Amino acid sequence: MSDVLAPARLGPLTLRNRVIKAATFEGRTPDALVTDDLVEFHREVAAGGVGMTTVAYCAVAPGGRTDRHQIWMREEALPGLRRLTEAVHGEGAAISAQLGHAGPVANAKSNQAPALAPSRMFNPLGMRFTKVPDALGIAEVVAAHAGAARLARTAGFDAVEVHLGHNYLASAFLSPMLNRRKDEYGGSLVNRARLAREVVKAVRDAVGDSMAVTAKLTMEDGVRGGFSIEESLQVAQWLQDDGALDALELTAGSSLLNPMAIFRGDAPRKNFAKVLPLPARWGFRLVGKGFLREYPYRPAYLADKARRFRQELTLPLILLGGITDLTTAQQAIDDGFDFVAMGRALLREPDLIRRWAPGAATPSLCTHCNECMPTIYTRTECVLRPTTPV
């Protein structure tokens, strides 16, 4: 058995412990560039004791953002990204960039660029239909991931996480509900998984062994007719056999169709309705209860499904979901998971891991109210945490 607080290897890295700050949009990049606020957000988490922190939603193209306020990886972003990685390294932690293309989750109106999807569909975020990429367009997406990975390496990141979840573009291709293509990227599971595998391979080829490469993979979409756990197990096996990943982080749900399957706990419908832009706000008031479903919270709520992956794979696995205390984190490691990822608990208490170090079973102050979720449209924060100056 390994200690969750002891150093651990992740590809070419040695992390000071097995706790990773999960990628959750920080809402601190109004001009799609690093700000002092974003630097301080990750510096504080690093100072709080995590082994590695993950910068969320580093889009590989301007149209790959969920909206125009997110970073996209280009030369203009390099100085700020370097400042960010240096600040995290100064606190003794590693730093990863989550790379991805939002696909049908992108707001085309905000981005002033078409939202991509494997098949044509109406996107209520931008109030327009998605664009279906042909083979050349898909090749451009793959190349954009490789370019973003190289830029992340130049900026001083230690790792990159490829986003294959939540019905972002690669995940949308995996879904039989969203992917109705008749070409080599649609139909059979091996075809639907082609984009995900090509992206991961391109990222690895771009950075070689100089960085750790991980991926976030949805275990199931959480909707009838969507990507299933049996299909996800097969895709995970292919990704393992391809040999391009150092670890796989397991998630669930769909940002497009069932986001609460990712989070669990209270569904903050009232405050979501207040912050959504028009006309999405009107639509949310009509369908919000069905869209933001309520799932009961329990510690390590994705562990039961994730154990099936642990039984069938040798690839290192990162357990996400409901990790808020040392006992639960240690149990995950004892169960064979190599790392744990935390989001909301660290938003509430960035120094939580440092307070674990003496061995006390320090309880988390996170109540799983999920009122942090609507704050992504302004500045992501725990509404229960005492206000700190920006």
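This briefing covers aromatic ring contacts in the structure above. The model is predicted: local features need pLDDT of at least 70, side-chain atom pairs count only at pLDDT 80 or more, and totals for chains, interfaces and linings use all residues. Residues are numbered from 1 along each chain as its sequence is written, and side-chain values use heavy atoms, with hydrogens and water left out.

The structure holds five aromatic pairs. Rings of Phe, Tyr and Trp (its six-membered ring) pair if their centres lie within 6.5 Å; planes under 30 degrees apart are stacked, over 60 edge-to-face, and the rest tilted.

**Phe25 and Tyr57**
- These two rings are stacked, at 5.5 Å centre to centre and 5° between the planes.
- Phe25 lies in the loop between strand 3 (19-21) and helix 1 (36-47), and Tyr57 in strand 4 (residues 52-59), so the pair ties together parts 32 residues apart in sequence.
- Helices (H or I, at least four residues) and strands (E, at least two) are DSSP runs, numbered from the N terminus.
- Phe25 is buried, at 9% relative accessible area, whereas Tyr57 is partly exposed, at 22%.
- Buried means under 20% relative accessible area, exposed over 50%, partly exposed in between (1.4 Å probe, protein chains only).
- Ring pairs link Phe25, Tyr57 and Tyr168 into a cluster.

**Phe173 and Tyr185**
- This pair is edge-to-face, with 6.3 Å between centres and 80° between planes.
- Phe173 lies in helix 5 (residues 169-174) and Tyr185 in the loop between helix 5 and helix 6 (189-192), so the pair ties together parts twelve residues apart in sequence.
- Both Phe173 and Tyr185 are buried.

**Charges over rings**
- The charged end of Arg194 sits over the ring of Tyr185, 5.8 Å from its centre.
- Arg264 has its charged end over the ring of Tyr295, 5.2 Å from the ring's centre.
- A charge sits over a ring if NZ of Lys or CZ of Arg is within 6 Å of the ring centre and within 35 degrees of the ring normal.
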